[in-house]
Amino acid sequence: MTTDRRRARITLIAAALSSLTASGCVVVHGEREVLPAATRAEAAEALREFTTAYNKADKDYDSTLDAEYVTGPLADIDGARLKAGRANNPAGNPDHSPLEFSDAEYTIPKKAGWPRWFLADARANKGGEARWLLVFTRDALDEPWQVSYLTLVEPGAVPEFKKDEDGWAEAVPANSTELTLPPGDLSKAYTTYLKENGPEFAPGPHTSQWRTLRQKNARKPGLVTQYIDGPLTDGDYAPVALRTRDGGALVFFTTRHYEKQTAHTGSAVPAPNKNVLALTTGEIKQSLTMEFVSNEVALAPKKGAGAQVTVLGRIQGLTSAKGE
């Protein structure tokens with residue numbers, strides 16, 4: 001090849017590369033690059049888009065209006081709420097009041113691979129002084145941000161997160177062995193605790209107090225209530241965790257719960273409310289089995305003597321029921 005032809009070929013290659021760059025066609029391998037999950041502007045826009053869709057769905061009691069913006073436990077919990085609402089109010093929600101967020105803070109981790117996700121921590125015009133924690137996730141750049149976890153916690157309960165010099169947070173792997181319990185084990189450990197008790201979880205409204213309440217309600221005159229709890233950890237229900245400044249982690253995880261009420265002979269199951277009935281199949285004769293999905297947020301400390309997991313918040317919703 002002559003020198004002139006070689007120069008011409010190099011010029012053509014350079015021109016082609018320049019064209020690709022200008023048109024935005026250069027591929028960034030998101031599965032390998034350690035990158036922030038989103039810019040702060042993108043995170044704020046994701047919260048706005050979710051809020052708009054959520055309000056439309058709530059106003060019409062129509063889950064198709066926000067289906068693109070929810071996934072995982074929130075999709076199950078709120079989808080069932082909307083289904084029951086529509087069954088009882090086909091014309092829409094007579095008590096609709098738009099949800100509004102303010103004072104939003106975004107904790108965005110840098111990580112490789114998909115899904116990418118971030119945390120929005122905001123105050124709302126509902127729930128009193130509680131802070132609303134929303135985990136946004138997506139599996140690809142061309143997909144919308146979806147909320148998988150939504151929990152409420154007391155003001156001041158959210159810990160300080162570990163961040164780098166640019167303000168990006170650190171995601172904790174599900175199999176991390178640095179914590180009292182790895183994030184991937186929390187769902188199973190929590191449901192085991194509810195059945196058997198144990199030292200892994202600190203006392204509180206979502207642990208010891210919930211166990212006490214269930215024990216109190218297990219047997220009443222003419223009625224027995226059984227509780228069955230199980231983990232949910234795969235796919236859209238996978239836990240996510242953020243490193244805190246003290247080396248622990250704030251972990252979001254999902255669980256499933258069954259509550260079966262069985263009436264003694266000659267007695268009847270207490271009449272459920274209209275929203276439960278809207279999600280019930282079969283005829284309630286002697287028993288009613290209700291299925292719930294719950295999403296929790298917990299502080300998992302570093303390993304150490306006596307270190308316990310503290311469950312900060314839990315949102316639980318009925319997803320189905322069966323009468324027998």
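## Aromatic cluster

One aromatic cluster is formed by Phe50, Tyr54, Tyr106, Phe118, Phe136 and Trp145. The model is predicted: local features need pLDDT of at least 70, side-chain atom pairs count only at pLDDT 80 or more, and totals for chains, interfaces and linings use all residues. Residues are numbered from 1 along each chain as its sequence is written, and side-chain values use heavy atoms, leaving out hydrogens and water.

## Aromatic pairs

The whole structure holds 10 aromatic pairs. Rings of Phe, Tyr and Trp (its six-membered ring) pair if their centres lie within 6.5 Å; planes under 30 degrees apart are stacked, over 60 edge-to-face, and the rest tilted.

Tyr190 and Phe253 make an edge-to-face pair, at 5.7 Å centre to centre and 80° between the planes. Tyr190 belongs to helix H4 (residues 186-196) and Phe253 to strand S11 (residues 249-263), so this contact ties together parts 63 residues apart in sequence. Helices (H or I, at least four residues) and strands (E, at least two) are DSSP runs, numbered from the N terminus. Tyr190 is buried, at 0% relative accessible area. Phe253 is buried too, at 1%. Buried means under 20% relative accessible area, exposed over 50%, partly exposed in between (1.4 Å probe, protein chains only).

Tyr193 and Phe201 form a tilted pair: 5.3 Å between centres, 50° between planes. Tyr193 is buried at 3% relative accessibility. Phe201 is buried, also at 3%.

## Charges over rings

The charged end of Arg116 sits over the ring of Trp114, 4.9 Å from its centre. Arg214 places its charged end over the ring of Trp210, 4.8 Å from the ring centre. The criterion: NZ of Lys or CZ of Arg within 6 Å of the ring centre and within 35 degrees of the ring normal.
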